[in-house]
Amino acid sequence: GRADASGDKNNPVGSIDDAERLLGKYSGQSVKILFHAGKYDLSDTLTLDSKDSVTFAAYGDGDVIFSGTKTLKNSGFSAVKDPDILDRLTRSARSSVLEYHLSDSGVEYSKNDAVRPYLFVDDVMKTAARYPNGEYLTATAANGTKSFSYDGYDISKWESADDAVLVGSADSTYFWRNYDISVSGNVITASGNVRKGAKFYVENLLEELDTPGEYFIDRDENILYYYPDSEIENEKIEVISFLNDAVKLKSSTNITFDGITFDKIGGRAIQATGAENVVIKNCNFDYVQGDSVISLTGKESCISDNSFYGCANTAVTFHGGSVRTLTDGNIAVKNNRISFCGYKSKNAIISSGSSATSIPSDFGNSVTNNIIQDCMTFMGISINANDYEINYNEIINQGYLIGDGGAIYMGRSNVKY
């Protein structure tokens, strides 16, 4: 396709941005945008408002992928030569770790970014360098404040690590947190309180880049350090470079996404506010890193027959209806397959209603026939609302890193009129 094409069947445009520009010609009309098979790189958030009535769908000739990644050149990797970096690496890894200057591929990160970048090799998410490898530490000396000592390992070598993160059940047994930390001697100071006995690990540590398959990204210098676990010459190596939401719907009506794959996106895949008759179906959501893959507020909408895999947090957050007026939202979340999600925030996979201590407002929606499997949140489904249908959901191997959780959580549903 070409940027200046008309956009009809015989003259397709070449990008998502080109298609969005053409929508202005059809304001107030119903439009169907079909995508031929291929990878469509996200460069900006696709934003639709109340004037748009659009269906985004696969043409039918192969996979349509909205991608948030940059593919790195295999030839761009080289041995580490900087003596200061080599000194921070473990002795056994120094000859194996490779570096890649991300700016050469147009990738620029900042410590102000809300989402940390991830590395993928042949569509497998790699592990940010961490300690310990595959296990957890216990904060035996913590007392509910931000600082605590740890004497089970020489953590003083982390003093130069200025972008490290503590991941664990820091302040409770049901939520997992991600806290920025600093280290002085044997004392860890986190950005939030840490309770005694909390299970945790620390990631994004160049000093712990000691295992094949691990990586570290220096967001100040925009350099990737990677310890390959196989020959990289013919591998597809990607980093998440698009850190924003892919789609934003504002007071939108009659919007459909059908058969699209949202792949490796730093923010949400779809955020909809004031939505009506929004349909998201037959889509794949892989490795989406936003706080919710889909966040929808509105009415008369349906999220169905989608697959979610490897997404960091909640799959679907939705709100609709009014308990005060007993008005149904008629939002249906059904027939979705969700697996290996929730490994960051450990919240709920499907969430609706208010927090446990708030008065619920949502009313008259449904969650049915979904499969939730191998997810690490403390709840499979959380509904703090009224008059919901919750039927025929399969929740398998749920919340296995949580000390206080369950499959379905209804919480406190205090109602005030």
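Author: Rings of Phe, Tyr and Trp count as a pair if their centres lie within 6.5 Å, and by that criterion this predicted model holds 23 aromatic pairs.

Reader: What makes the pair of Y136 and W176 edge-to-face?

Author: The planes of Y136 and W176 stand at 90 degrees, with the ring centres 5.6 Å apart; because edge-to-face requires planes over 60 degrees apart, the pair is edge-to-face. The two residues are 40 residues apart, Y136 in the loop between β12 and β13 and W176 in the loop between β15 and β16.

Reader: Why is W176 called buried, and why is Y136 called partly exposed?

Author: Buried means under 20% relative accessible area and exposed means over 50%, so W176, at 5%, counts as buried, whereas Y136, at 35%, counts as partly exposed.

Reader: Why is the pair of F285 and F308 called stacked?

Author: Stacked applies to planes under 30 degrees apart, and the planes of F285 and F308 are at 20 degrees, with centres 4.9 Å apart, so the pair is stacked. The pair links strand β26, which holds F285, to strand β29, which holds F308, and both residues are buried. F285 and F308 also belong to one aromatic cluster, whose members include F35, Y40 and F56.

Reader: How do you know that E99 has no salt bridge?

Author: A salt bridge needs the charged atoms within 4 Å, but K81, the nearest side chain of opposite charge, is 7.9 Å away from the buried E99. The side chain of E99 does make a polar contact with the side chain of H101, at 3.4 Å.

Technical notes: Residues are numbered from 1 along each chain as its sequence is written. This is a predicted model: local features need pLDDT of at least 70, side-chain atom pairs count only at pLDDT 80 or more; totals for chains, interfaces and linings use all residues. Side-chain values use heavy atoms; hydrogens and water are left out. Buried means under 20% relative accessible area, exposed over 50%, partly exposed in between (1.4 Å probe, protein chains only). Lys and Arg count as positive and Asp and Glu as negative; His and the chain ends are not counted. A polar contact is a pair of N or O atoms within 3.5 Å; within protein, one must be able to donate a hydrogen and the other to accept it, and residues adjacent in sequence count only if both atoms are side-chain atoms. Rings of Phe, Tyr and Trp (its six-membered ring) pair if their centres lie within 6.5 Å; planes under 30 degrees apart count as stacked, over 60 as edge-to-face and the rest as tilted. Helices (H or I, at least four residues) and strands (E, at least two) are DSSP runs, numbered from the N terminus.
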